[in-house]
Amino acid sequence: SIADTNTTEKVDNSIKFWNSCDSYWEKSYGADEIDCHQWKCPSHYTVKQFYQCQSGQCISENWLCNGVWDCSDGSDEEGIQLLTEHTVGEHNLKLFQLLKTNLTQQKNRCLKENPERSFAQFCDIATEYPCLLANVDDPLSFRLNRPCINLRQLGDGRVDCYGGLDERNILNCSLYKQLGFGFKCNSNDSCIQRRQQCTADNRCLNGNDRLLCIYLYNNSNVKCNGQLSTATVKDVHCLNGSCLPDSRCNGLIECPFGEDEYYCPTGISSTVLGYRPRIKKSYFPSIKIQLPNYSPLSFLGNESNDNNDKITTLKSQTSMIAIQDQSSFTRSSRQKLANQYSKEGWICNRGVAGNKKSFDISQSIVHCFCPPSYYGGRCEFMSDRLTVFISFKNQTNGSSTGVIKILALLVVTINDTETVLDRHEVHFIPALDNYKEKQKFYFVYPRPHQLRSNTHHYTVRFEAYQLNENESIEFLAVWIYPVPFNFLPSQRLAKVLKYTQQSQLALNHTCFTKTNPCLNEGKCHPIMNKLSDIHSYWCECGSNSYGSHCEFKDQSCFISSKKL
């Protein structure tokens, strides 16, 4: 059946530390498998060896080049072709030395394990991955829409292949299940699991999965002999008009373009029911820690019993030892104040309680004013904190005469919509000669569990402006950094903001071409910390537009002449 992914997310229980960034989902929507780029894989090779994906995840070296994407970006299979001795990482170089192999041999091994793919004749397999394109009008028009994407687009969070095939370890079919070879409908965020695909009862509402069943004759269960079958048909009608009996997903490319094997599981996923079954739960021994269970003290007892001796019992879960404290318990002055003012003293945790009373309601309502470090209706949740260290470095020959203002924004992206959670301003003033000084500040922000899925990305954007003496403001540059380890409550980000003038940048950068990628008169700016990528840019939108490419217009700023 079609799995609906629009379900209410439950609060996850805690997981073992070593189960984070291991390529398997322990938390809903794979929240434990995102922001792993600074993760450290185990470096002790006595028991088990680990390969580190370019995404930062750690997988068993036995899973390398086995035909199944264990890395979310496919860097253990097709994606390994992009790696060089400089980008493969020190950890993996040591691993290859231990295994008495090298990167070139591993690349050749992956090519042998993934020898043929559908539509591969159109692509350069050293740099591209073959698939039908998403977001185009006619994916089967191969001259117009060549069925290839760059290997760097695998697992980048954006759907480039039809049905989400390039994001198979990022997208989901349910709370805890990766998409795999399921098909992601683009109408209502539903998913057709693999064994229900191309059946009459399981289709996308808008027919978006039509091309998934191109091997069927007119999307119907017609065999090569012309008979209509009520069961699942494995006969393949190729795009050139030929028909191959019982050829669907048999591991052999037989149609001219390989459409008989398109969207077919590879590796161990082709022989088992589920996608990437977990063979072993963990390579680390399980450590069971039992903490003592303290019985609550009788703070709410009658006032007449205040002077009675209290016996505090400590019941340990690991033993039946009871420790008796015969000393009398005296309430602290803070507890007495809390009791004197009843619930107002504690109902808002670390916040301040205020009584909100309306004229039409006789009973007042308690409203909690929370400090920045807490949030929630009763200030019951602790906010996350990001400590930021920055310094500004002007790499141009000239010296700046104006004040440089750095606007730091903590941004969360939800469904391609950016929301600013917190902001901070820093000024570098030539008269004070503080360019070389490190600036330190904090971002404190609430992060409910609904914002901890892999579809929500946190970034810190630094925007630099020059404040001139004539009171004009000039935009200088922008830097964008992802917030690593999304699951940690406290993090640290230290960056040097290196500024390069536009005249010193590459002339073939996307922002300097004739076609402006930013719509509605938006301004294109290169991202300073990604200058090596000429296709990396940020759009500065005007007051009447918004969106990642300024594609949406804000109609609230316009007044119709007919209404005047």
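## Basis of the description

Local features of this predicted model need pLDDT of at least 70 and side-chain atom pairs count only at pLDDT 80 or more, whereas totals for chains, interfaces and linings use all residues. Residues are numbered from 1 along each chain as its sequence is written, and side-chain values use heavy atoms, with hydrogens and water left out.

## Helix H2

Helix H2 spans residues 103–113; helices (H or I, at least four residues) and strands (E, at least two) are DSSP runs, numbered from the N terminus. Its buried residues are Leu-103, Gln-106, Lys-107 and Cys-110. Viewed down the axis of H2, these residues fall within an arc of 100°, so they line one face of the helix; the arc is taken from the directions from the helix axis to the C-beta atoms. The face turned away from the buried side carries the exposed residues Thr-104 and Lys-112. Here buried means under 20% relative accessible area, exposed over 50%, and partly exposed in between (1.4 Å probe, protein chains only).

The buried residues of H2 pack against helix H1 (90–98), where contact means heavy atoms within 4.5 Å.

## The largest cavity

A cavity is a set of points, on a 1 Å grid over the protein atoms alone, where a 1.4 Å probe fits but cannot get out; its lining residues have an atom within 4 Å of a point. The largest cavity holds about 130 Å³ of space, the volume being the space filled by probe spheres set on the points.

Its lining comprises 14 residues, of which Glu-78, Leu-111, Asn-114, Arg-117 and Ile-125 lie nearest the centre. H2 and strand E4 (128–130) each supply at least two lining residues, and E4 gives the most, with three. By class, the lining of the largest cavity has seven nonpolar, two polar and five charged residues.

## Two lysine residues

Lys-48 is found in the loop between strand E1 (2–4) and strand E2 (50–52). Lys-48 is buried, with a relative accessible area of 19%. From Lys-48 to Asn-62 the separation is 14 residues in sequence and 9.7 Å in space, C-alpha to C-alpha.

Lys-553 belongs to strand E28 (residues 552–553) and is partly exposed, with a relative accessible area of 46%. Leaving aside neighbours within four places in sequence, Lys-553 is in contact with Asn-520, Asn-544, Ser-545 and Tyr-546. Lys-553 and Asn-520 are 33 residues apart in sequence and 7.9 Å apart in space, C-alpha to C-alpha.

Methods: On a 1 Å grid over the protein atoms alone, a cavity is a set of points where a 1.4 Å probe fits but cannot get out, and a pocket is an open set with protein on both sides within 12 Å along at least five of seven lines; lining residues have an atom within 4 Å of a point. Ala, Val, Leu, Ile, Met, Phe, Trp, Tyr, Cys and Pro count as nonpolar, Asp, Glu, Lys and Arg as charged, and the others, Gly among them, as polar.
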